[in-house]
Amino acid sequence: MPSYTAPVADMMFLLRDVLDAPGALAQLPAHAETDLVMIESILDEAGKFCAEKLHPLNRSGDEEGSRLVDGVVQTPKGFAEAYAAFRDGGWTGLSASPEFGGQGLPRAVQILIDEMLSGANLSFGLFPGLTRGACEAIEAHADEHLKSTYLPRMISGEWTGAMALTEGNAGSDLGLLKATAAPREDGSYFVTGSKIFISSGEHDMAENIIHLVLARLPDAPPGTKGISLFLCPKFLVNEDGSLGARNTLSVGALEHKMGIHAQPTCVMNYDGCQGWLVGQPHRGLAAMFTMMNAERLFVGVQGLGVADASYQTAAAYAKERLQGRASGGVGTAPIIAHPDVRRMLLIMLSTIEAGRALVLFTALEMDKETSHPDAAARAEAAGLVALLTPVIKAALTDFGFEAAVLGQQVLGGHGYIREWGQEQHVRDARITQIYEGTNGIQAQDLVVRKLDLDDGAPLRRFLGLIRETLAATADRSELATEHDALSEALGHLDDVTARLGGALSKADERNAAAVDYLRLFSLVAYGWLWLRIADAVLRVGDVTTTGRRKLATARFFATRMLPQSQSLARQIAAGAAPLMAPEAGWF
């Protein structure tokens with residue numbers, strides 16, 4: 001039966017030998033004393049908690065699901081107790097600001113623990129993940145009174161957070177939303193409207209739930225320029241910090257979903273509930289994007305975590321399941337001997353490890369963005385984070401879902417059976433490609449907005465880092481295959497990027513190219529990181545099974561994955577015409 005083991009050794013290898021986290025953190029006064037011994041100790045303990053407390057609830061939580069009983073959401077058996085242990089263990093405030101009770105650890109540590117949570121129990125991980133995003137939005141945009149009232153108890157885990165954006169008539173196009181906010185005499189607001197798809201909108205795991213709600217003021221202009229952000233607690237908070245009367249917000253229904261059954265995804269009704277403005281009037285979307293961008297990175301990590309959990313089950317099964325004969329062998333062989341099974345496992349492994357490396361690279365840039373003493377370095381890091389956010393959200397969830405499907409396929413008929421957990425991974429992973437902006441929207445964000453950000457400076461910087469690695473490894477004969485494959489793929493990316501600034505610069509052309517471009521971009525990024533991983537293995541002289549496995553996986557990615565860059569470049573070059581030529585009525 002499936003189990004989960006946090007991949008701490010692989011995580012530490014990336015931090016120590018590939019990305020030089022000690023050197024990066026040493027430049028940041030806020031994190032200069034965070035060493036690898038401390039990080040490994042934290043990761044080990046988090047891994048134990050996820051394996052021992054959360055993973056055993058994954059299947060039972062999926063089967064039981066959250067339930068709405070007399071207007072109250074009941075989470076599955078064991079979830080409230082597990083959350084209490086999670087909270088009491090201090091896991092809710094790892095990367096949060098010490099000013100409000102957080103531990104102030106690097107974002108890289110938080111993101112690795114997010115991966116563990118997602119691999120062990122995706123539904124559970126959404127509770128603290130959404131809370132952290134809400135805290136970041138409040139800290140960045142709310143006034144001091146709201147910060148001091150809400151942040152300490154959200155960071156401690158006593159209270160949780162939720163974000164309420166989507167309405168039945170307004171999905172990704174938030175300019176269509178109709179929720180309203182009317183001023184009250186005391187300076188707060190009456191917030192009225194109905195929202196759908198609200199994860200963690202109501203539950204029995206915390207004393208209070210803090211909703212960040214998008215709504216329109218009476219004088220709001222139309223479209224996205226007329227949206228404001230409001231903080232609406234489930235229970236009002238008295239002056240002394242104690243909980244007062246229940247606010248006038250309620251659950252209309254629980255969504256019936258394909259996956260993440262243990263996570264209560266709510267229809268929320270706000271019936272003139274009391275709320276407080278966060279940030280400036282009509283600037284709510286900008287404030288909410290602080291949370292949304294944090295959640296997009298978190299969702300990418302969810303895809304990574306589920307992929308790794310599926311891989312662990314598939315790899316263990318493939319080594320034990322006897323079926324068929326291996327080439328040249330005698331008698332029945334384990335299916336790991338068959339090339340097609342190895343193909344599936346290597347696709348999974350190669351995208352998981354490279355995805356983890358890309359997330360960690362970005363997390364270190366996020367720490368630099370917030371903590372580096374030099375303003376120019378902070379600005380450069382911010383540009384890289386902005387560029388890579390849609391890539392991480394879309395690529396890691398696309399590859400994550402594909403890995404979950406492959407993991408199910410490795411098990412054959414048993415993968416379709418509930419007991420092995422693979423069919424749940426497929427169902428759970430599917431949402432990651434949809435929420436926080438579908439992956440098509442992420443691709444459009446990359447191509448239409450982020451490539452041209454700051455006159456293209458972040459893109460030039462990122463591609464420059466790839467060229468630096470290529471130059472540094474040009475004379476390494478043992479890396480020639482990986483080097484040359486990456487160089488060729490980067491050439492395709494350069495050519496396509498130039499086309500998007502020239503012949504394919506019109507809106508339809510860019511939008512038609514977006515999904516293929518993001519895939520091409522991510523393959524090149526992964527190829528870059530595999531070259532760095534292979535170089536690190538050789539540099540430290542790792543001749544263990546782990547080291548040899550990494551070299552073999554790097555070679556697989558270079559020879560079996562990076563060549564996809566050529567076909568993607570040809571697809572993009574075809575332009576929008578093949579998509580737009582058919583008349584709408586033909587479909």
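**Chatting about a cavity and some cysteines**

User: What classes of residue make up the lining of the largest cavity?
Analyst: The lining has six nonpolar, two polar and five charged residues. Keep in mind that this is a predicted model.

User: OK, and how much space lies in that largest cavity?
Analyst: About 90 Å³.

User: Which residues are closest to its centre?
Analyst: Arg107, Asp114, Arg132, Ala294 and Phe298 are the closest to the centre, out of 13 residues that line the largest cavity.

User: Which elements give two or more residues to that lining?
Analyst: Those are α6 (107-120), α7 (122-141) and α9 (284-320). The largest share comes from α9, with five residues.

User: How many cavities of 30 Å³ or more turn up in the whole structure?
Analyst: The search finds six of them.

User: Switching topic: how many disulfides are there?
Analyst: The count is zero. A disulfide needs two cysteine sulfur atoms within 2.5 Å.

User: What about cysteine 50, which cysteine sulfur is closest to its own?
Analyst: The one in cysteine 135, but the two sulfurs are 19 Å apart, so that's too far for a bond. Cysteine 50 is buried too, with a relative accessible area of 2%.

Notes
Residues numbered from 1 in each chain as written. Predicted model: local features only at pLDDT ≥ 70, side-chain atom pairs only at ≥ 80, totals over all residues. Heavy atoms only, no water. Buried < 20%, exposed > 50% of the residue type's maximum accessible area, 1.4 Å probe, protein only. 1 Å grid on protein atoms, 1.4 Å probe; cavity = no way out; pocket = protein on both sides within 12 Å on 5 of 7 lines; lining within 4 Å. Points joined across faces, edges and corners; volume = space filled by probe spheres on them. Helix = DSSP H or I, 4+ residues; strand = E, 2+ residues; numbered from the N terminus. Nonpolar A, V, L, I, M, F, W, Y, C, P; charged D, E, K, R; others polar.
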